[in-house]
Each structure stands twice: as structure tokens, then as C-alpha cells.
Amino acid sequence: MGLKIAIGGKGGVGKTTVSALLARSFAANRDNNVIAIDADPVSNLAAALGIDESVPITPIAELRDLIAERTGAEPGTMGGFFTLNPKVDDIPERFSRERDNVKLLVMGTVQQGGSGCICPERTILKALMTHLVLYRDDIVLMDMEAGIEHLGRATSSSVDALVIVVNPGARSRVAAEKIRKLGSDIGIKKIVVLGNRVRNGEDEELIRSSLADFEIVGFLPEHDEIIDADRYGRRPFDDIAMAPPELFSIVSELQRYKTSSHR
């Protein structure tokens with residue numbers, strides 16, 4: 001069965017880079033079907049995956065004709081009558097971009113109405129996320145904003161894990177606790193920490209001690225290749241096999257969280 005992982009973290013911790021590296025590592029096994037979801041309002045996952053953006057990627061929430069067709073209501077409207085269970089099963093194949101066995105879907109955001117609004121755009125996004133988590137056997141990695149807004153309660157309980165990316169430092173605990181509470185509130189049962197940009201054993205121990213009541217899935221080292229890739233606007237480790245071994249250890253650990261059924 002598929003593996004469904006949500007990845008959260010406060011801005012600046014390297015969450016999107018980690019999401020991309022994990023997706024590419026899973027996809028290196030050609031038997032895996034991997035879907036990477038960019039559900040962060042600041043969409044950078046395409047660049048981190050090395051996907052060509054010379055042709056702009058239109059987020060799902062901005063596909064006005066599709067939303068109107070599937071829900072029966074014009075985007076930007078609230079209230080009224082429209083379909084609450086629109087057809088979405090063809091969207092991953094039709095509207096994804098792919099490179100190296102990773103399909104990317106950019107979700108986009110709903111610009112008005114507040115986080116709880118009932119509107120056609122939000123209905124499409126939630127239906128699509130539910131489909132990806134509950135009814136697909138793919139490996140799905142979701143680069144989420146802290147609020148995890150696209151995951152409803154029914155869907156969240158079937159996410160295998162929420163991975164909180166943190167850096168060494170005193171503020172890690174505050175951010176991790178906030179995201180853990182948000183994840184717990186919507187029903188995610190397995191919530192773990194991934195330490196990123198770890199330079200040495202002292203950094204690792206700082207994360208362990210400040211987050212002693214969290215399960216830690218692993219640590220990724222600070223690496224010149226990642227710094228250079230960010231500086232020059234390219235993806236790090238073009239040959240993913242050259243990535244740090246710690247990355248593949250984390251992938252192996254995440255595979256242990258796979259549940260027997262998502263249905």
C-alpha cells in the first residue's frame with residue numbers, strides 16, 4: 001500500500017528542500033509511484049525538484065474552468081449550491097509535472113473567505129487531498145504550511161506521519177510544539193521530528209535535549225552542495241545517489257510507518 005507523509009516546519013528550516021530530497025529518494029526505486037504535493041502558499045517545491053518552470057505551473061486552486069465544471073459553481077463564490085464531492089481522480093495525471101519518477105501537484109491557496117469557508121476552490125482542494133491520501137497506492141509527500149489547511153479530519157487520520165523539520169536552536173521546541181498541536185487537533189497520530197542542517201554532534205544533542213519528548217526520525221547534515229544549490233537556483237544532488245547516507249536512513253525509517261490500509 002502507499003505511504004502518506006505530511007511535512008511541516010516553520011519558515012527557513014529547509015522544509016521544502018527536505019521534502020524534495022525525500023521524494024526523489026523514494027522515487028529512485030522505480031517500483032515506487034511518488035507524488036509530491038506543494039501545499040505551501042509559498043510554492044518552491046518545483047525548483048527543489050528540478051522541474052522546469054519556464055512554462056508556469058498553474059495551481060489547482062486557480063484552474064477556474066476545471067473548478068466550475070467539477071463543482072457546478074464559479075470560483076470566488078461562497079454559499080449557494082455546488083457539488084461537495086467533485087470528480088478529482090484524473091487530476092494527478094492531467095495536471096502534474098514530472099521529473100525522475102516524481103509527479104508534482106501544486107495545490108495553491110484560497111484567497112478569500114477565511115480558512116473555514118465553503119467555496120468551490122476549497123472543495124476541490126480537499127476532495128483532491130482526500131483522494132490522494134485515501135484512494136491512491138502511491139507514496140505521497142505533502143510539503144505543508146504550518147496550518148496543514150488542506151487536510152480535513154477524515155483525511156488526517158489516514159496520514160501515516162507528520163514530519164516536523166527543525167534546525168538546531170532554542171526556538172525549535174516552540175515551533176515543533178505548535179505544529180504538533182495542530183497535527184494532533186486534526187487527528188494525525190504519528191508525529192515525529194527531523195533535524196536538518198546539523199553540523200556536528202553538539203547540534204544533534206541540542207535537538208535531542210530540547211525535544212526530548214518527541215520521536216526523532218533522523219538528522220540531515222549541513223552540506224555545501226545544498227547551500228550552493230540554493231545560491232545558484234538548482235536542485236541539490238542532481239544524482240540523488242550522491243546524497244548523504246543519512247537521507248536514505250530516514251527514508252528507510254519512514255517506510256516503517258506504512259499502514260496496512262488507507263481505505
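User: Is T71 buried or exposed in this model?
Analyst: T71 is buried, with a relative accessible area of 1%; buried means under 20% relative accessible area, exposed over 50%, and partly exposed in between (1.4 Å probe, protein chains only). This is a predicted model, in which local features need pLDDT of at least 70 and side-chain atom pairs count only at pLDDT 80 or more, while totals for chains, interfaces and linings use all residues. Residues are numbered from 1 along each chain as its sequence is written, and side-chain values use heavy atoms, with hydrogens and water left out.

User: Where is T71 found?
Analyst: T71 is found in helix 3, residues 64-71. Helices (H or I, at least four residues) and strands (E, at least two) are DSSP runs, numbered from the N terminus.

User: Which residues is T71 in contact with, leaving aside neighbours within four places in sequence?
Analyst: They are F82, T83, P86, P120 and I124, where contact means heavy atoms within 4.5 Å.

User: And what lies 2.7 Å from a polar atom of its side chain?
Analyst: The backbone oxygen of I67 is at that distance from the T71 side chain. A polar contact is a pair of N or O atoms within 3.5 Å; within protein, one must be able to donate a hydrogen and the other to accept it, and residues adjacent in sequence count only if both atoms are side-chain atoms.

User: Which residues of helix 3 are buried, and what covers them?
Analyst: L66, I67, A68, R70 and T71 are buried in helix 3. Their cover includes helix 4 (91-95) and helix 5 (120-134). Helix 3 is followed by G72, whose phi is positive, near 80°.

User: Which residues other than glycine have a positive phi?
Analyst: D100 is one of them, with a phi of about 50°, and N101 has a positive phi near 70°. As background, most residues other than glycine have a negative phi. D100 is found in the loop between strand 3 (97-99) and strand 4 (102-106), and N101 lies in that loop as well. D100 counts as partly exposed at 40% relative accessibility, whereas N101 is buried, with a relative accessible area of 13%.

User: Changing topic: how much space lies in the largest pocket?
Analyst: The largest pocket holds about 550 Å³. On a 1 Å grid over the protein atoms alone, a pocket is an open set of points with protein on both sides within 12 Å along at least five of seven lines, a cavity is a set of points where a 1.4 Å probe fits but cannot get out, and lining residues have an atom within 4 Å of a point. Grid points are joined across faces, edges and corners, and a volume is the space filled by probe spheres set on the points.

User: What lines that pocket?
Analyst: Its lining has 26 residues, of which G14, T16, T17, R197 and D230 lie nearest the centre of the pocket. Helix 1, helix 2 (45-49), strand 7 (191-198) and helix 9 (224-232) each supply at least two lining residues. The largest share, 4 residues, comes from helix 9. By class, the lining has 9 nonpolar, 10 polar and 7 charged residues; Ala, Val, Leu, Ile, Met, Phe, Trp, Tyr, Cys and Pro count as nonpolar, Asp, Glu, Lys and Arg as charged, and the others, Gly among them, as polar.

User: How many cavities of 30 Å³ or more?
Analyst: The count comes to 1. About 30 Å³ of space lies in the largest cavity, which is lined by L21, L220, P221, I226, F237, P244 and L247. That lining has 7 nonpolar, no polar and no charged residues.

User: Where is P244 placed, and what is it in contact with?
Analyst: P244 is in the loop between helix 9 and helix 10 (245-255). P244 is buried, with a relative accessible area of 10%. Leaving aside neighbours within four places in sequence, P244 is in contact with P221, H223 and F237. The C-alpha atoms of P244 and L220, 24 residues apart along the chain, are separated by 7.7 Å.

User: How many helices and strands overall?
Analyst: The protein has 10 helices and 8 strands. Buried residues make up 52% of its 263 residues.
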